[in-house]
There are 2 protein chains.
Amino acid sequence: MSDASDVSIKGSPVWATIADLLRREIAEGARRPGDRLPTEARLAARFGVNRHTVRRALAALVEEGLVRTRRGSGAFVAEAPTEYPIGARTRFRRSMEAAGRVPGKRLLSLETRPATAEEAAPLCLTPGDAIHVAEGIALADGAPVALFRSTFPAARLPGLPGALARDGSVTDALRACGVADYVRVSTRITAAAADPVEAGHLHLEPGAPLLVSEAINADLDGTPVEAGTTRFAGTRIALTLHHP
Amino acid sequence: MSDASDVSIKGSPVWATIADLLRREIAEGARRPGDRLPTEARLAARFGVNRHTVRRALAALVEEGLVRTRRGSGAFVAEAPTEYPIGARTRFRRSMEAAGRVPGKRLLSLETRPATAEEAAPLCLTPGDAIHVAEGIALADGAPVALFRSTFPAARLPGLPGALARDGSVTDALRACGVADYVRVSTRITAAAADPVEAGHLHLEPGAPLLVSEAINADLDGTPVEAGTTRFAGTRIALTLHHP
């Protein structure tokens, strides 16, 4: 089989023609967001070119954001980020459902222990006061989209760990503990690079960008009932704000 | 001079003792955010150890987020992110001043051309309508904190490029064009990895996490007057939201 990646056919190099074909397959829905692309070897065989040419076509699609690569697992059609509205009524489960995704949560740890100074402040507690700490993975359609770490005042919510372990939903667990409703008071957003453990949980490369959201939720009297940090896979979630 | 990085002295290895000393100097303010640390060679001479031991101490401080390294320019005491409130009244200049930073802007390009479909939509224009496109670097205390790309409806604001080139402030340039006031309508926030050009402008490593904010601003009649994307150095800025 001949190869001519830098030779023009009707004005464009072979790699560009291959990129065009793949682009069209994605645009027409033959390859959908999240689909794994065939291996370089299979694409090379399909188009009758060498792997270098395929690699160049894929690199162009990665550059455009149409394709993402994951080390050791190949190339995938990029998914558009799920829109996650942030506001006073922020609810993970409801937002994911509104975006047409199936929400899920996997609890990794749940403990009750004295708060450090840094943990006590957002909950308006005194360092040493007992808090519940829940850590886990938030899922959309079964795929990890974020790591969360939530803290709750233990004296006020003694039954929370049981309720959270049963159900997973913070809203339902708070309701089971007598907090009928709560509102988001503040959110602080930064970006960070995923460390290897975070990357592993979120199926990202180490160093991949995370969107870090630190939020405080209070009951309708304004008393904090939850303070948490959520580390979203930065390209899978878009936080959206509408300013009233 | 002897070196014993893995040998315990009073229970901790030498590198940990060096990390402790540097940590204390930072905590006590002897080394302030943004200060460059002495080179590995000078620290090795100061503590009478080899550079491997110094490197291990610095790695521990980097891991904690207390120290950041920049390729080719050494290690620096990490700066706490500047808090940047996002809401209906978002103003870069005023926010930076409120955070005790001196705001600045460096315009990189300014052009007037037909809008693509993607550019027309947020401004409620038709593809092909003329827009002004301003790109540049936002500064705090003279250091780059973000790259911005703002688009404006050209038919409505013919004099905007001149006003923007004179002053740099979007608020002042809009006022000079008859838009007395404007409000933020929506913000969409994602995270991305800095490409080499972005990293160069922001003095980051390529791949460093960026906080990407896409915002639409409208006049008081609700007509969009600016749509822009700001790519913040993700560890230098924290976007803060207070939910009314």
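This is a predicted model: local features need pLDDT of at least 70, side-chain atom pairs count only at pLDDT 80 or more; totals for chains, interfaces and linings use all residues.
**Domains of chain A**

Begin by colouring chain A according to its domain assignment, which gives domain 1 as residues 8–77 and domain 2 as residues 82–240.

Staying with chain A, select helix H1 (residues 14–27) and helix H2 (residues 40–47), whose axes come within 12 Å and cross at roughly 105°. Because angles of 65 to 115 degrees count as roughly perpendicular, H1(A) and H2(A) are described as roughly perpendicular to each other. To see what makes the contact, show the side chains of Ile18(A), Leu21(A), Leu22(A) and Glu25(A) on H1(A), together with Leu43(A), Arg46(A) and Phe47(A) on H2(A). Sorted by class, the residues of this contact of H1(A) with H2(A) are 5 nonpolar, no polar and 2 charged.

Now turn to chain B and select helix H1 (residues 14–27) and helix H2 (residues 40–47) there, where the axes come within 12 Å and the crossing angle is roughly 105°. H1(B) is therefore roughly perpendicular to H2(B). On H1(B) the contact involves Ile18(B), Leu21(B), Leu22(B) and Glu25(B), and on H2(B) it involves Leu43(B), Arg46(B) and Phe47(B). The residues of the contact of H1(B) with H2(B) comprise 5 nonpolar, no polar and 2 charged.

**The nonpolar core around Leu239**

Next, select Leu239(A) and Leu239(B), which are the residues with the most contacts inside the largest nonpolar core, a set of 32 residues. In soluble globular proteins, nonpolar side chains tend to be buried together. Centre the view on Leu239(B) and display its surroundings: setting aside neighbours within four places in sequence, Leu239(B) is in contact with Thr187(A), Arg188(A) and Ile189(A) from chain A, and with Tyr84(B), Ile86(B), Ile189(B), Leu211(B) and Phe232(B) from chain B.

**Ala88(B), with contacts in both chains**

From there, move to Ala88(B), which is found in the loop between strand E5 (82–85) and helix H4 (92–98) of chain B. Not counting residues up to four places away in sequence, Ala88(B) touches His243(A) and Pro244(A) as well as Val183(B) and Arg184(B). A distance drawn between the C-alpha atoms of Ala88(B) and Val185(B) will read 6.6 Å, although these residues are 97 residues apart in sequence.

Select Phe152(B), which belongs to strand E8 (residues 143–153) of chain B. With a relative accessibility of 0%, Phe152(B) counts as buried. Leaving out residues up to four places away in sequence, its contacts include Leu123(B), Ala130(B), Ile131(B), Leu157(B), Leu160(B), Leu164(B), Val170(B), Leu174(B) and Val225(B).

Val225(B) is also among the residues touched by Asp219(B), together with Arg156(B), Val179(B), Asp181(B) and Tyr182(B), again not counting residues up to four places away in sequence. Asp219(B) lies in strand E10 (residues 209–219) of chain B, and at 7% relative accessibility Asp219(B) counts as buried.

Continue to Thr223(B), in the loop between E10 and strand E11 (224–233) of chain B. Thr223(B) has a relative accessible area of 37% and is partly exposed. Apart from neighbours within four places in sequence, Thr223(B) is in contact with Arg156(B), Asn217(B) and Ala218(B).

Return to chain A and select Ala163(A) in helix H6 (residues 160–167), which counts as buried at 4% relative accessibility. Beyond its neighbours within four places in sequence, Ala163(A) is in contact with Gly168(A), Ala173(A) and Ala176(A).

Cys124(A), in the loop between helix H5 (117–120) and strand E7 (130–140) of chain A, has a positive phi of about 55° although it is not a glycine. At 61% relative accessibility, Cys124(A) counts as exposed. His203(A), in the loop between helix H8 (196–202) and strand E10 (209–219) of chain A, likewise has a positive phi of about 55° without being a glycine.

Terms used. Residues are numbered from 1 along each chain as its sequence is written. Chains are lettered from A and ligands numbered from 1 in the order in which they are written. Side-chain values use heavy atoms; hydrogens and water are left out. A nonpolar core is a set of buried Ala, Val, Leu, Ile, Met, Phe, Trp, Tyr and Cys residues joined through side-chain atoms within 4.5 Å. Buried means under 20% relative accessible area, exposed over 50%, partly exposed in between (1.4 Å probe, protein chains only). Contact means heavy atoms within 4.5 Å. Domain bounds come from an automatic or database domain assignment. Axes are lines fitted to C-alpha atoms, for helices over the stretch in contact, and angles run from 0 to 180 degrees between N-to-C directions. Helices (H or I, at least four residues) and strands (E, at least two) are DSSP runs, numbered from the N terminus. Angles under 35 degrees count as roughly parallel, over 145 as roughly antiparallel, 65 to 115 as roughly perpendicular and the rest as oblique. Ala, Val, Leu, Ile, Met, Phe, Trp, Tyr, Cys and Pro count as nonpolar, Asp, Glu, Lys and Arg as charged, and the others, Gly among them, as polar.
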